[in-house]
Amino acid sequence: MVIRTGETDRIPLKYGTKSVWFIVLDIVPDELKEEQFTQTKKGLNGLYERLHREPEPTKIYAVWHGQWQTDLFSCDPKVLRERLEKMKENGDF
């Protein structure tokens with residue numbers, strides 16, 4: 001398995017289409033904090049809200065369970081935020 005980079009725009013976000021979940025990591029003094037979000041309306045809304053809070057997450061990973069393998073994507077927070085903003089505007093969650 002490899003960690004895929006530069007493909008944040010390829011991750012399926014619409015809930016119910018694929019099995020994707022997100023791990024958001026924050027490094028704060030002497031601690032690693034993590035949050036997980038699922039690909040549900042509630043999960044996508046939570047991820048959307050987290051991406052609009054300060055500080056920007058240290059790292060975001062998307063885990064995509066495909067038919068033949070599981071892929072791990074290193075996400076660009078700006079690209080992910082823009083995609084979620086468009087979905088929110090369209091009423092997708």
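Predicted model: local features only at pLDDT ≥ 70, side-chain atom pairs only at ≥ 80, totals over all residues.
Strands of a sheet are paired through hydrogen bonds of the backbone, in either a parallel or an antiparallel manner.

## Strand 2 and its partners

Strand 2 (residues 19-28) runs antiparallel to strand 4 (residues 59-65), and 7 bridges join the two. Within this pairing, leucine 25 stands opposite lysine 59 of strand 4.

Strand 2 also runs antiparallel to strand 3, to which 8 bridges join it. Here phenylalanine 22 has phenylalanine 37 in strand 3 as its bridge partner. The hairpin of strand 2 and strand 3 has 2 residues between the strands, and aspartate 30 in this hairpin takes a positive phi near 60°.

## The nonpolar cores

The largest nonpolar core contains 19 residues, of which Ile11, Leu13, Phe22, Leu47, Ala62, Leu80 and Leu84 touch the most other members. Two or more residues of this core are given by each of strand 2, helix 1, strand 4 and helix 2 (77-89). Helix 1 supplies the largest share, 4 residues.

What does leucine 84 contact, leaving aside its neighbours within four places in sequence? Leucine 84 is in contact with Leu13, Leu44, Leu47, Tyr48, Leu51 and Phe93. Another core, of 5 residues, lies apart from the largest one; among its members are Ile23, Leu25, Tyr61 and Val63.

Terms used:
Residues numbered from 1 in each chain as written. Heavy atoms only, no water. Pairing = 2+ DSSP bridges. Core = buried A, V, L, I, M, F, W, Y, C linked by side-chain atoms within 4.5 Å. Buried < 20%, exposed > 50% of the residue type's maximum accessible area, 1.4 Å probe, protein only. Contact = heavy atoms within 4.5 Å.
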